[in-house]
There are 2 protein chains.
Amino acid sequence: MSVLAPKGFIATGGSMGIKPTGRPDVALLTTANGLPVAAAATFTTNKAAAAPVQVSRRHLETTGHQVTSVVLTSGNANAATGEAGEAAAMRLCSETALALGVAPTSVLIAQTGLIGIPFPLEATIHQLAPIVATLGDDEAAAHRAAEAIMTTDTFAKEVVVTGSGFTVGGMAKGAAMLAPKMATMLCVLTTDAALPSDQLQALLRRSVEHSFNRLLTDGAISTNDTVILLASGEAGPADPHEVEAAVTDACQQLAEMMAEDAEGATKVIHLIVKGAASDEEAHLAARNVADSLLVKCSFNGEDPYWGRVVSELGSAGVAFDLHRVTVSYGGTMVCEDGIAKTHDAAAVAAHLAERHVTLECDLNLGSGSATMLTVDLGYGYIDENRTTS
Amino acid sequence: MSVLAPKGFIATGGSMGIKPTGRPDVALLTTANGLPVAAAATFTTNKAAAAPVQVSRRHLETTGHQVTSVVLTSGNANAATGEAGEAAAMRLCSETALALGVAPTSVLIAQTGLIGIPFPLEATIHQLAPIVATLGDDEAAAHRAAEAIMTTDTFAKEVVVTGSGFTVGGMAKGAAMLAPKMATMLCVLTTDAALPSDQLQALLRRSVEHSFNRLLTDGAISTNDTVILLASGEAGPADPHEVEAAVTDACQQLAEMMAEDAEGATKVIHLIVKGAASDEEAHLAARNVADSLLVKCSFNGEDPYWGRVVSELGSAGVAFDLHRVTVSYGGTMVCEDGIAKTHDAAAVAAHLAERHVTLECDLNLGSGSATMLTVDLGYGYIDENRTTS
């Protein structure tokens, strides 16, 4: 049911002809009663932020974070498209609003796909109203929406988390340009808990920090990243801490699905850095390891070359004492006090041959810790990204 | 003649058995008269700096930057090797000193190769004295030294720059783990200009900043990076500005050779960012583009996907206005005012098919500019780095 698991929403997905293949490329989510609800959102920090990001930011501000709907398109990022791009994003909102009978500013928009290609507005906009007519409240409708936001994703990413008396649902896309501080990813979350939009915004920011911002596949910060959370309130008031825990859980599950589906990756790496001077330093160290081409290549080759890991920890710009560092793969320590440790090589090889691999580093300096999700680097990523055709 | 072009030095190279293949793995450079000369050096900023870096730093301090010799080994980085590694680095210096009849602290050491493997001191140290006996002052001797520091390099990197009344010579190695703030690279420069060591140190730091630190292949900051400059003084006093220009020229030529020889790369990218708010911001922006896997993959596929370039400029953390940006490949502008520009696609395709490619970005905000050398990302890099065997 993903975004339709919480009470009060309807959704759909379909094809409006943005993708030349004719595959689904537009998703809609709206409140079942057409009334605005509390909304929160986080967007890319990229200064080349796309037109839909600009428009959604404005609509949130104009409405005081009270929105009815989200329209999402895939196949064209509508980024680096100038004034025509911004006009196109606004037109998609106003056409959606017209078909739904709501105010245009109550519609948020998120788009994903290639950058720098003019958005084919005139060729597609007339297909929007017929798709609005297919809105539904069942599992098939939710799945249509989740499928329509996919680009190079190989599976739809949907989640439901049940709280005490409320529910959180979510759908997301993302398989490349994934990095902390937001990825080329779109995510829409819903809940039926009743919370004011300022609380919603604060908890969403923290949830994103501990989920999507801990995922790093290729280190690129996209132009279009968007996470939106709508709260219908139909389940009544709920403990904000409980809602935050459920939203974080949903986001973490979706982030894991993104790592699972990362372009060309053969392995998901669960990276843990502990013993850092602070959590923030642990995060910086983990990020430097996760962003290392050499470390990623080693995982692709199933090679426990811990020397590269130590080198990345040492160049992360955090407090570091080589003589205290330990490195373990799947619980087997291969480096202790900064030098090679005799270990069960067969156990390490068996662990590295798995699809999910754990790399744990202990700086033995303090109590700071962080986790990060990343992937290996192999031919598949290059095949996917060397040309756009 | 590389490091032997300036008057006052002798050199050699040979095999002491560090590399299992038996290929040359030790190089020596020393003053012809055995007397100390002014020396300058820059080292990696990595906090996991290798044993040879620690020992060389100490020897420079002890001698007040007056040294006789440099011993360089390849095949084992002697990094993350603990106290035994540091003892091995000191022993290599003392054995070299014994064979040359100089003070152990007057010998600097640089090492490159795999990280985390104990240095095979006992199996190799007896081979050092016979190699010292082959020291010479001719081109063959200089070339033996340059060849002995290669690891995955495919050609020896040597340079000579002639100043007015003095000469600068250099040799270097480096094909991976290349990033600004020093790379896995070793470089030894010589000059016969007479300059005090403090002037030498200051000019070397600036020269490195404008050469090796503008080279970024895979973004990894190595444990062993070392650049050493020895000045014999045999050509007499020289204008420090002229010496600096010659040293910078030599370093830039060696940096270009490293890019040319970067592991698995098929193209050398000359990246120019101008119109930034400052030179420093231009450098940050160029670095973000050069460090982008997606941009590197595009070059591998000869795809002028400028949208990725704009996205990296926008996420570089510098002043940026999407509506002012231009992007050009080989002088053909493909993006103007932040949107697609009609252009000669055949000219762009022809340029991208070449081995040396130029990418120029103008932020049109100020007068800051920077250049950066980088390479594409393809199968070759992964083949080279997925396993150490």
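## Helices 1 and 2 of chain A

Helix 1 of chain A passes helix 2 of chain A in a right-handed crossing. A crossing is called right-handed if the near helix is turned clockwise from the far one by less than a right angle, and left-handed if anticlockwise. Helices (H or I, at least four residues) and strands (E, at least two) are DSSP runs numbered from the N terminus. Helix 2 of chain A covers residues 82–100, and its axis lies 8 Å from that of helix 1 of chain A, at an angle of about 55°. Axes are lines fitted to C-alpha atoms, for helices over the stretch in contact, and angles between N-to-C directions run from 0 to 180 degrees. Helix 1 and helix 2 of chain A are therefore oblique to each other; angles under 35 degrees count as roughly parallel, over 145 as roughly antiparallel, 65 to 115 as roughly perpendicular, and the rest as oblique.

From helix 1 of chain A, the residues Ala51(A), Pro52(A), Gln54(A) and Val55(A) meet Gly85(A), Glu86(A), Ala88(A), Ala89(A), Met90(A) and Cys93(A) of helix 2 of chain A. Residues are in contact if their C-beta atoms, placed from the backbone, lie within 7 Å. The contact of these two helices comprises seven nonpolar residues, two polar and one charged. Here Ala, Val, Leu, Ile, Met, Phe, Trp, Tyr, Cys and Pro count as nonpolar, Asp, Glu, Lys and Arg as charged, and the others, Gly among them, as polar.

## Basis of the model

The model is predicted: local features need pLDDT of at least 70 and side-chain atom pairs count only at pLDDT 80 or more, while totals for chains, interfaces and linings use all residues. Residues are numbered from 1 along each chain as its sequence is written, and chains are lettered from A and ligands numbered from 1 in the order in which they are written.

## The open sheet of chain A

In chain A, six strands form an open sheet of mixed pairing, in the order 4-3-10-9-8-7. Two strands pair if DSSP finds at least two bridges between them. Strand 4 (66–67) and strand 7 (157–162) of chain A are the edge strands, each pairing on one side only. Within the sheet, strand 9 (residues 186–194) and strand 10 (residues 226–237) of chain A are parallel and share eight bridges. Thr190(A) stands opposite Leu230(A) of strand 10 of chain A.

Helix 1 (residues 51–63) of chain A packs on this sheet, where it touches strand 3 (37–43), strand 4 and strand 10 of chain A. The direction of helix 1 of chain A makes about 145° with that of strand 3 of chain A.

## Helices 6 and 7 of chain A

Helix 6 (residues 197–209) and helix 7 (residues 240–260) of chain A have axes that come within 9 Å and cross at roughly 40°. These two helices of chain A are therefore also oblique to each other, and helix 6 of chain A passes helix 7 of chain A in a right-handed crossing. Among the residues in this contact are Leu203(A) and Leu204(A) of helix 6 of chain A, and Val243(A) and Val247(A) of helix 7 of chain A. By class, the contact divides into seven nonpolar, three polar and two charged residues.

## Two hairpins of chain A

Strand 12 (residues 326–329) and strand 13 (residues 332–336) of chain A run antiparallel and are joined by three bridges. Val327(A) stands opposite Cys335(A) in strand 13 of chain A. Their hairpin has two residues between the strands, and Gly330(A) takes a positive phi near 55°.

Strand 13 of chain A also pairs with strand 14 of chain A, in the antiparallel sense over two bridges. Cys335(A) stands opposite Ala340(A) in strand 14 of chain A. This hairpin has two residues between the strands, with Asp337(A) in the turn at a positive phi of about 55°.

## Contact of chains A and B

Chain A can be laid on chain B with an RMSD of 0.0 Å by a turn of 180° and a shift of 0.0 Å along the axis. Superposition is by least squares on the C-alpha atoms of residues with pLDDT of at least 70 in both copies. That is the relation of a two-fold axis. In chain A, the C-alpha nearest the axis belongs to Tyr379(A), at 3.0 Å.

Contact involves 50 residues of chain A and 50 residues of chain B. Helix 10 of chain A gives the most to the side of chain A that touches chain B, with seven residues. That side has 24 nonpolar, 20 polar and six charged residues.

Key
Two residues are in contact if their C-beta atoms, placed from the backbone, lie within 7 Å.
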